[in-house]
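Look at the structure before reading on.

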Amino acid sequence: MSSSESIRSMLRRESAGGEAVVRGWLRTVRHGKGVSFLDVSDGSCMDGLQVVASPETAGYEEVVKQLSTGCSVVARGELVDSPAKGQRFELKARDVELVGDAGEDYPLQKKRHSFEFLRTIAHLRPRTNTIGAVLRVRNAASMAIHEFFQREEFFYLHTPIITASDAEGAGEMFRVTTLPVGDPPRNKEGQVDDAQDFFSRPAYLTVSGQLEGEIGALAMSRVYTFGPTFRAENSNTARHLAEFWMVEPEAAFYDLDDLAALSERFLKSVFKDVLDRCEDDMAFFEKRIEKQAIERMKTVIERPFERIPYHEAIAILEKARDRGESFEFPVGFGLDLQSEHERYLTEKHTGCPIVVTDWPKDIKAFYMYRNDDEETVAAMDVLVGGVGEIIGGSQREHRADVLEATIRAQGLEPDDYWWYLDLRRFGSVPHAGFGLGFERIIQFITGMANIRDVIPFPRTPGSAEF
Ligand code: 4AD
Ligand code: MG
């Protein structure tokens, strides 16, 4: 069973007439009088290939007539022009081989299943149209991301997944340990003796590759990471995961303006590539999931992003509230923006993506560059319709003394960040970077409402089955 031509490339053949072998899973089977239609999918594209079998097909009675949805098959025959609407070719089967039976209790039947139900069968849901399309879009977006950064001369840097530092200083980390959970070794004071743990110290899953990204940027000028990140926060929302993928560029000699411009070029480039490469999948999302899916991306590609300082964003929201817009959460200077505020700003106020800049220092992480006003930091969040915050980033504090003071002021321990502080002592330069939530950009592209449905194996509080 060597590798074979995918259905995707089969459907792109110049003309009918050649031999073809299709290998895949049955999405549907229809048996008529002396003819059977098998809709075979191999996941390579939205379309399946229709296999037409008849009594002349080898194994028609014994094999074909017994087939049901979910079975895996190999069908050989001739690729012919299809008389049916909506498909170029079909396979006139000479023989059909059953590879794996599925039986009657195959959970995916030809009807719409709820996304909640599909999450309970994550081992089978990639075979559905929607999740298949999501996975192909994830693939295309990943490549588009790499291509963008390669074009802009950013090096792909592999930052660690296990780390001892809390990159966000928010304490939302998963512990990594090999100590016996039930009976860990203890020191004289009766506390768990971390010195006996695998790394001789407490270790965690990383919340962000940024701090190590900065090490890369201060040597190679421009780098990016693209890897899994982990947050042990108890958020049960449609846009939070405990394990998600983040894209984090970091660039030396960049200020906040440079960073905002980079984020705009970046998003536009990824959207354009995905629209070009996933035409069928995007048409599916537009038809079945979200009417605006393609339009939303086209708007983003065409229109310049708006930049709004945080204090102005607050003023806009306060005015909206006073005019009767009902927000569940309070609005005011010094408060973080909630999803509803982000969406109001980008969907109702401007109708295009917004870069909100210069946030109050007290609600942002320790590493952000302190502005001269002593009140704000050079931070930016990029907000888009439907999702809200898709990117968070900042110019970094590159002055050792200011950084150390902030670390202390935020109740963190400078010793824990010694090498990060050291970077500011040896050839420090202004630099900046951001993090894009990969699943959030996939939500934006596809219009999928719940982040659990744009990642193959979602990790959320209470759920890590597959
Ligand atoms: O805003 P965040 O927390 O920023 C950072 O982690 C920075 N260290 C990034 C950097 O500057 N290098 O996260 C960045 C983005 C958010 O804008 C959001 O899109 C996504 O990551 N994100 C999440 N996505 C899914 N589930 C979660 N729990 C997420 N938390 C953040
Ligand atoms: Mg953020």
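Contact means heavy atoms within 4.5 Å. Helices (H or I, at least four residues) and strands (E, at least two) are DSSP runs, numbered from the N terminus. This is a predicted model: local features need pLDDT of at least 70, side-chain atom pairs count only at pLDDT 80 or more, and totals for chains, interfaces and linings use all residues. Residues are numbered from 1 along each chain as its sequence is written, chains are lettered from A and ligands numbered from 1 in the order in which they are written, and side-chain values use heavy atoms, with hydrogens and water left out.

Q: Which helices are included in what covers the buried residues of helix 7?
A: Buried means under 20% relative accessible area, exposed over 50%, partly exposed in between (1.4 Å probe, protein chains only). In helix 7 (residues 293-302) the buried residues are Ala-293, Ile-294, Arg-296, Met-297 and Val-300. Their cover includes helix 5 (256-277), helix 6 (279-288) and helix 12 (438-446).

Q: Is Asp-281 buried or exposed?
A: Asp-281 lies in helix 6. Its relative accessible area is 5%, so Asp-281 is buried.

Q: With which side chain does the side chain of Asp-281 make a polar contact?
A: Asp-281 touches Met-46, Ala-133, Arg-136 and Val-137, leaving aside residues up to four places away in sequence. A polar contact is a pair of N or O atoms within 3.5 Å; within protein, one must be able to donate a hydrogen and the other to accept it, and residues adjacent in sequence count only if both atoms are side-chain atoms. At 2.9 Å, the partner is Arg-136.
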